[in-house]
Amino acid sequence: MYAIYFHILFVIANLKSDIGWKCEVYAAREKNGIYIPRDRYLQDEAEKKEMAEKIEHMELDSESKDKQFLEIQELYNSQLHLTVDLSEKLDKTEKKLEETENSLVDLEEKHRQANITIKEKEFFISNLLKS
């Protein structure tokens, strides 16, 4: 994106430089009274107009690219913010899951101990009933 932008600026600068140089040549010719054939003059004027139109088009294109870049930058920042929020939410969820898993392990251990206690009491009751 930046490469395209800088390339456009470089081309615009070169076109402006060419136009400036040609204007200086024309000014010197007019000052010194050098004759330019009509065909050459018309061709140069057409080139100058074409260059000016190219520059205007490139400047508009550059402005469009700048706007597009800013929109993409804004979208990137928005996505970055969303990613941070989701990462924090994921961290909290993972911590809660770990706590829940630990609670489940504790409950399973208590359940196992309770079953052992019930079986022991059933064994004692069974032995008492037999005697």
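Val84 first: this residue lies in helix 2. Helices here are DSSP runs of H or I, at least four residues long, strands are E runs of at least two, and both are numbered from the N terminus. At 41% relative accessibility, Val84 counts as partly exposed. The scale is simple: buried is under 20% relative accessible area, exposed is over 50%, and partly exposed is in between, with a 1.4 Å probe and protein chains only.

Before I go on, some ground rules. This is a predicted model, where local features need pLDDT of at least 70 and side-chain atom pairs count only at pLDDT 80 or more, while totals for chains, interfaces and linings use all residues. Residues are numbered from 1 along each chain as its sequence is written, and side-chain values use heavy atoms, with hydrogens and water left out.

Back to Val84. Together with Tyr76 and Leu80, Val84 makes a nonpolar surface patch of about 280 Å². Patch members have over 30% relative accessible area and no salt bridge; nonpolar side chains (Val, Leu, Ile, Met, Phe, Trp, Tyr) are joined within 5 Å, and like charges within 9 Å. The areas come from the Shrake-Rupley method with a 1.4 Å probe, and for residues only the protein chains shown count as cover.

Now the whole chain. It has two helices and zero strands. How much of the chain is buried? Buried residues make up 8% of the 131 residues. The chain exposes about 11,600 Å², and carbon and sulfur atoms supply 59% of that. On contacts, meaning heavy atoms within 4.5 Å: take those between residues at least 6 apart in sequence, and 88% of them join residues at least 24 apart.

Next, the record. UniProt lists residues 83-117 as "coiled-coil region", in an unreviewed entry. In the model, residues 83-117 are 100% helix and 0% strand. The end C-alpha atoms of that stretch are 50 Å apart.

On to charges. How many salt bridges are there? The count is three. The rule is a side-chain nitrogen of Lys or Arg within 4 Å of a carboxyl oxygen of Asp or Glu.

Start with Lys48 and Glu45. Their side chains meet at 3.3 Å, N to O. The two are three residues apart in helix 2, which spans residues 38-130, so about one helical turn separates them. Lys48 is partly exposed at 29%, and Glu45 is partly exposed at 28%.

Then Lys54 and Glu50. This salt bridge is 3.8 Å, N to O. Lys54 is partly exposed at 41%. Glu50 is partly exposed at 43%.

Arg112 has a relative accessible area of 41%, and Glu109 has 36%, so Glu109 is partly exposed.

Finally, aromatics. The structure holds one aromatic pair. Why is the pair called tilted? The rings of Phe123 and Phe124 have centres 6.3 Å apart and planes at 55 degrees, so the pair is tilted. For reference, rings of Phe, Tyr and Trp (its six-membered ring) pair if their centres lie within 6.5 Å; planes under 30 degrees apart are stacked, over 60 edge-to-face, and the rest tilted. Are these two residues buried or exposed? Both Phe123 and Phe124 are exposed.

Methods:
UniProt positions are given in the numbering used here, feature names are shortened, and annotations may be inferred rather than shown by experiment.
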